[in-house]
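Trainee: I am new to this structure. Please walk me through it, step by step.

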Amino acid sequence: MLYLSLMDDENDKSKFETIYYEYRERMFAAAFDVVKNNEDAEDAVHNAFIGVANNLKSIGDPLSKRTLSYVIKAAKNAAINIYNKNNKIKTVEFDDNIIISDDDFFDEISNVEEAEKIVDAICKLKDTYKMPMYYYFVCDMKISDVANLLGLSNSAVKVRIHRGKKELLRITGVDSDD
């Protein structure tokens with residue numbers, strides 16, 4: 001295996017093999033949930049395993065829940081990175097007392113900053129708003145997919161995206177007529 005050729009220590013090789021055979025299918029499923037196609041999911045798992053191989057010294061028991069959590073997060077993050085490269089920002093629906101249309105939202109934001117700066121601004125939001133907005137706008141994920149990924153209801157994701165929009169407008173200094 002390519003991964004094993006990167007390692008000198010026999011204990012590391014054994015640990016990596018255990019992780020590889022135990023978790024590769026779950027990692028693939030987690031990556032596929034994000035990217036929705038086999039090729040990108042395979043690439044994500046490959047990238048995740050390279051990260052695992054590079055950080056093997058920080059992994060204790062290869063069969064622990066902590067290791068499972070780590071490798072699943074690594075696969076999801078790698079998949080999100082691939083998804084980001086393949087997709088563009090899209091608009092979002094929301095409902096609340098004050099409605100800012102998606103077109104108006106992006107028109108106002110684009111007058112203040114370029115798309116890259118918007119992503120930076122999203123990253124400055126509280127995690128409560130940042131993660132739903134990042135996955136929805138930057139990763140171009142559906143509300144239902146974001147809800148599944150974050151363990152929330154669809155309506156909770158919509159509310160967080162709406163509130164995140166309002167906070168983003170505040171951060172960037174754009175009035176939202178509130």
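Mentor: Start with a term: helices (H or I, at least four residues) and strands (E, at least two) are DSSP runs, numbered from the N terminus. This is a predicted model; local features need pLDDT of at least 70, side-chain atom pairs count only at pLDDT 80 or more, and totals for chains, interfaces and linings use all residues. Residues are numbered from 1 along each chain as its sequence is written, and side-chain values use heavy atoms, with hydrogens and water left out.

Trainee: How many helices and strands are there in the protein?
Mentor: From the N terminus on, the elements run α-α-α-α-α-α-α-α-α. The count is nine helices and zero strands.

Trainee: What is the mean pLDDT of the protein?
Mentor: pLDDT is the predictor's confidence in each residue, from 0 to 100. Over residues 89–96 it stays under 50. In the protein, 74% of residues reach 70 or more, and the mean pLDDT is 78.

Trainee: Is K36 buried, partly exposed or exposed?
Mentor: K36 lies in the loop between α2 and α3 (38–54). Its phi is near 65 degrees, a positive value in a residue other than glycine. Buried means under 20% relative accessible area, exposed over 50%, partly exposed in between (1.4 Å probe, protein chains only). K36 has 44% relative accessibility, so it counts as partly exposed.

Trainee: With which side chain does the side chain of D12 make a polar contact?
Mentor: D12 sits in helix α2 (residues 10–35). D12 is buried, at a relative accessible area of 11%. A polar contact is a pair of N or O atoms within 3.5 Å; within protein, one must be able to donate a hydrogen and the other to accept it, and residues adjacent in sequence count only if both atoms are side-chain atoms. At 2.7 Å, the partner of D12 is the side chain of K57.

Trainee: Which residues touch the most other members of the largest nonpolar core?
Mentor: A nonpolar core is a set of buried Ala, Val, Leu, Ile, Met, Phe, Trp, Tyr and Cys residues joined through side-chain atoms within 4.5 Å. The largest has 44 residues, and those touching the most other members are I19 and M27. Helices that each supply at least two residues of this core include α2, α3 and α4 (65–86).

Trainee: Which residues is M27 in contact with, leaving aside its neighbours within four places in sequence?
Mentor: Contact means heavy atoms within 4.5 Å. With those neighbours left aside, M27 is in contact with V45, A48, F49, V71, I72 and A75.
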